[in-house]
Amino acid sequence: DGKFDVPGVEFVRFDFRQPPATPADSFDFVVLDPPYVSTECLDAFFGHARHLLREKAAATLAFTSVVNAGFLLEKHDLRLTAFGLAFVSKLATPLRAFTDSPPLAERLGGFESY
């Protein structure tokens, strides 16, 4: 969304079919809000996120459907947190926060077990 592309803010637009040519190891933290689509699309989003992160200690935060929980844990080591988004929507499944960072998860209410 172009509204985030403002001077002084590092924002990278992303189209999973044509990932931007961004330098590897560029960010300490990546926030993703991928659409609820195929696992192929999710793999592209999270694969590019790993490319962007400076080191393995860097963190990823993703907001997506709880339907993706098993896939995200198995393929991308992202765990479901207690944090849920509250908004009015016609979506059938609620959006939840997933992360690979225990300190961030703690700030979001902790990891959920499922």
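**Exercise 1. Describe how helix α1 (residues 39–52) packs against helix α2 (residues 69–76).**

Solution. 
Step 1. In this predicted model, α1 and α2 pack at an angle of about 45°, and their axes are 11 Å apart. These are the two quantities to look for, since two packed helices are described by the angle between their axes and the distance between the axes.
Step 2. Classify the angle. Angles under 35 degrees count as roughly parallel and those of 65 to 115 as roughly perpendicular. The angle found here therefore makes α1 oblique to α2.
Step 3. List the residues in contact. From α1 come Thr 39, Leu 42, Asp 43, Phe 46 and Arg 50; from α2 come Phe 71, Leu 72, Lys 75 and His 76.
Step 4. Sort them by class. The contact of α1 with α2 has 4 nonpolar, 2 polar and 3 charged residues.

**Exercise 2. Find the buried residues of α2 and work out how they are arranged about the helix axis.**

Solution. 
Step 1. Ala 69, Phe 71, Leu 72 and His 76 are the buried residues of α2.
Step 2. Look down the axis of α2. The buried residues fall within an arc of 165°, so they line one face of the helix.
Step 3. Recall the helix geometry. An α-helix has 3.6 residues a turn, so residues three or four places apart point the same way.
Step 4. Identify the cover. The elements that cover the buried residues of α2 include α1, β2 (59–65) and β4 (95–99).

**Exercise 3. Determine whether His 76 is buried or exposed, and list what it touches.**

Solution. 
Step 1. Locate the residue: His 76 is in helix α2.
Step 2. Compare its relative accessible area with the cut-off. Buried means under 20%; His 76 has 10%, so it is buried.
Step 3. Leaving out residues up to four places away in sequence, His 76 touches Leu 42, Asp 43, Phe 46, Arg 50 and Phe 71.
Step 4. Leu 42, Asp 43, Phe 46 and Arg 50 belong to the α1 side of the contact with α2.

Definitions and conventions. Residues numbered from 1 in each chain as written. Predicted model: local features only at pLDDT ≥ 70, side-chain atom pairs only at ≥ 80, totals over all residues. Heavy atoms only, no water. Axes fitted to C-alpha atoms, helices over the stretch in contact; angles between N-to-C directions. Helix = DSSP H or I, 4+ residues; strand = E, 2+ residues; numbered from the N terminus. Parallel < 35°, antiparallel > 145°, perpendicular 65-115°, else oblique. Contact = heavy atoms within 4.5 Å. Nonpolar A, V, L, I, M, F, W, Y, C, P; charged D, E, K, R; others polar. Buried < 20%, exposed > 50% of the residue type's maximum accessible area, 1.4 Å probe, protein only. Arc of directions from axis to C-beta.
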